[in-house]
Amino acid sequence: MNKREFLKSMQGLILFFPAAGVLSALGVEVSAQETSAQPGSAAAYNPQDHLYGMGIEIDKCIGCNRCVEACKAENDVPQDDAHYRTWVERYVIKKDGEVAVVNISGSAAAAREGMPEDADILRTFFVPKLCNQCVNPPCVQVCPVGATFSTEDGVVLVDANRCIGCSYCIQACPYGARYMNPRTKTADKCTFCYHRVRQGLLPACVEVCPTQARVFGDLRSKASRLVRFARMNKIHVLKPALNTEPKVYYAQLDGEVR
Amino acid sequence: MNLEATARLSEMMTQVTGFIYPNEIEIHWSILIVVYPYITGLVAGAFILASLENVFNVEEVRPTYRLALLTALSFMVVAPLPLLMHLGHPERFYEILLAPNLTSAMAMFGFVYGWYLMGVLLLEVWFEFRQDLIILARRAPVPMRWVYRAASLFSNDVSQAARAFDDKAIRVITIVGIPSAFLLHGYVGFIFGSVKANPWWSSVLIPIVFLMSAIVSGIALVIFLYMILAALRKEPVDMRCLDTMTSYLFYAVIVDFTLEALDFTHRLYESEESVRILGTLIRQKLFMSLIVLQVLIGMLVPLAILIVAKWRKLGDDGRRLLYFTAVILIQMGIFSTRWNIVIGGQLFSKSFRGLMAYKMEITGIEGFLTALGLLVLPFVVLAVLIKVLPTRPLGEEVHTPA
């Protein structure tokens with residue numbers, strides 16, 4: 001096949017690119033609709049009808065960090081390297097078996113440098129992390145005053161007006177998903193953008209992800225994108241042996257990821 | 001966030017080795033949370049020593065009974081302070097007492113502490129000192145007379161029958177008190193031992209290790225205080241009492257050491273996912289505080305000292321010197337134990353891929369000086385209590401060694 005033939009054969013594909021954009025936009029709209037009965041009508045919202053979760057397709061993540069930026073902006077997360085509701089890890093598994101992991105969401109130079117030669121790399125990938133919104137959350141179990149709790153629609157939240165700031169929940173979280181908010185001096189974490197979800201919107205990180213590596217949805221809805229995600233992929237969760245039953249599901253999760 | 005905190009965090013970041021989850025850079029349970037189990041351990045240990053005389057009728061330790069009781073009380077009143085001061089919102093502390101989350105080990109604090117202070121310690125102290133308070137109230141001049149009157153709760157009965165009732169009550173309280181003391185410190189251990197996310201803490205042995213080390217530190221503290229007090233008052237030390245107490249101390253250290261060795265061996269032998277990072281943790285971060293201070297200087301050396309003191313038939317002076325050295329070393333060792341558990345458990349990432357650093361503040365509410373103040377405070381309380389309350393029942397002769 002020469003260059004001319006190749007380009008001709010690609011014509012069809014190129015024509016389809018805009019269509020792909022339209023389709024993905026439609027997809028976002030569909031998933032937005034499933035998050036509540038009627039977008040904007042909070043009064044009609046019945047939390048018992050929903051159970052939220054997130055799917056993450058590792059192979060789609062390009063490590064662009066837009067999710068992290070969107071999250072920090074949306075939720076007023078401190079703009080430093082020590083407080084994250086979501087972050088992205090880069091795994092580099094070398095041929096000699098050595099595993100190098102960095103948090104690429106930080107401003108630290110380590111995120112950019114220290115990449116081994118291509119020839120030495122066996123495989124490499126990005127893993128977005130966030131609160132796993134566990135079904136059996138250890139943080140909720142240990143909170144001495146019940147300031148952190150599970151909602152009926154499956155989200156673990158912190159009541160900043162009740163939290164006494166003892167940090168026990170931070171110790172109990174196996175995923176490092178919690179931090180002490182330096183402004184409020186209370187525990188803080190990912191809420192699945194509960195304020196948005198309740199209004200029929202997607203979490204900020206899902207909304208901005210350019211590759212749709214993140215899929216948000218309702219496990220109680222058959223038409224949910226998340227249910228479809230779980231049907232189409234072999235999925236896995238982080239640290240299953242701890243019996244926390246995470247509701248963040250990973251597709252193509254590597255055994256090295258903890 | 002203030003600039004100082006930001007600077008601290010970025011300094012900490014330079015000391016991270018390997019990979020940690022980004023939120024893990026901050027060490028949340030500081031030196032104050034090291035002080036808390038240390039102080040509670042002293043309470044439980046001192047009380048258990050005091051109970052020996054009452055329940056098990058060990059007459060030899062009688063001279064230290066009241067001292068042990070007052071020591072337990074002084075440390076008990078200070079015990080909640082480090083907890084309170086480390087909270088992000090100390091003004092909401094009452095929430096733990098009023099609206100405890102019943103699945104939380106930490107929420108049991110209110111019940112356990114309240115029960116132990118009100119139901120056990122204060123009651124026993126009151127029954128033990130009631131007689132003397134009445135006598136003192138009759139002797140003392142005006143301002144102190146009122147204090148003694150109030151402290152005796154305006155009781156006035158010094159009859160034989162009342163005395164017999166006091167003794168009976170004390171016996172009952174002690175019998176209830178021993179399991180309560182176990183509960184108090186076992187519960188503190190459970191706070192750590194039940195965190196399944198943290199392999200350094202998560203162990204069913206932790207509450208028991210806490211308990212045994214509490215008994216060790218409590219006995220060592222009372223021996224220390226007894227010797228200091230005798231020196232200050234220029235009174236002779238009852239060597240029979242001292243020999244008995246150090247024997248108990250010796251056996252308690254052996255049991256404690258055995259349990260910790262078992263825990264260590266068990267982890268090493270099972271060799272779970274976390275074993276590598278924990279090995280690195282011990283080698284790189286805890287070598288000094290765990291191997292040198294806790295095990296070598298805080299346990300093996302004092303054991304050797306106690307063996308020498310017991311078996312070499314040394315004179316009273318020689319034994320006293322060795323005992324005194326041993327209890328100080330043991331005390332330091334137990335403090336290191338608390339440090340290694342609390343701080344050590346926060347120095348490795350839950351990703352098992354890296355280590356963090358802890359840099360103690362000097363000033364500041366969670367700093368070294370606060371911790372030091374909190375460790376000195378119980379001694380101040382104790383000094384006041386000893387000043388006000390007689391450590392020997394009034395009318396009893398000074399026991400001189402044969």
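1. In this predicted model, 37 residues of chain B are in contact with 41 residues of chain A. On the chain B side of this contact, helix H1 (3-14) and helix H5 (94-98) each supply at least two residues, and the largest share, 4 residues, comes from H1(B). By residue type, the side of chain B that touches chain A divides into 20 nonpolar, 10 polar and 7 charged residues.

2. Within chain A, 3 strands form an open sheet in the order E3-E2-E4, and their pairing is antiparallel. Strand E3 (99-103) and strand E4 (121-130) of chain A stand at the edges with a single partner strand each, so one side of each has no neighbour in the sheet. From one strand to the next, the twist averages 20 degrees.

3. Looking at one pair in that sheet, strand E2 (residues 86-94) of chain A joins E3(A) in the antiparallel sense over 5 bridges, and Glu89(A) stands opposite Asn103(A) in E3(A). Helix H2 (residues 66-75) of chain A packs on the sheet, where it touches E2 and E4 of chain A, and its direction makes about 160 degrees with that of E2(A).

4. In chain B, the axes of helix H3 (residues 65-78) and helix H14 (residues 368-388) come within 8 Å and cross at roughly 135 degrees; H3(B) and H14(B) are therefore oblique to each other, and their crossing is right-handed.

5. The residues that meet at this crossing include Leu70(B), Phe75(B) and Val78(B) in H3(B), and Leu374(B), Pro378(B) and Ile386(B) in H14(B). The residues of the contact of H3(B) with H14(B) divide into 12 nonpolar, 2 polar and no charged.

Conventions:
Residues numbered from 1 in each chain as written. Chains lettered and ligands numbered in written order. Predicted model: local features only at pLDDT ≥ 70, side-chain atom pairs only at ≥ 80, totals over all residues. Axes fitted to C-alpha atoms, helices over the stretch in contact; angles between N-to-C directions. Parallel < 35°, antiparallel > 145°, perpendicular 65-115°, else oblique. Left-handed = near helix turned anticlockwise from the far one by under 90°. Contact = placed C-beta atoms within 7 Å. Nonpolar A, V, L, I, M, F, W, Y, C, P; charged D, E, K, R; others polar. Pairing = 2+ DSSP bridges.
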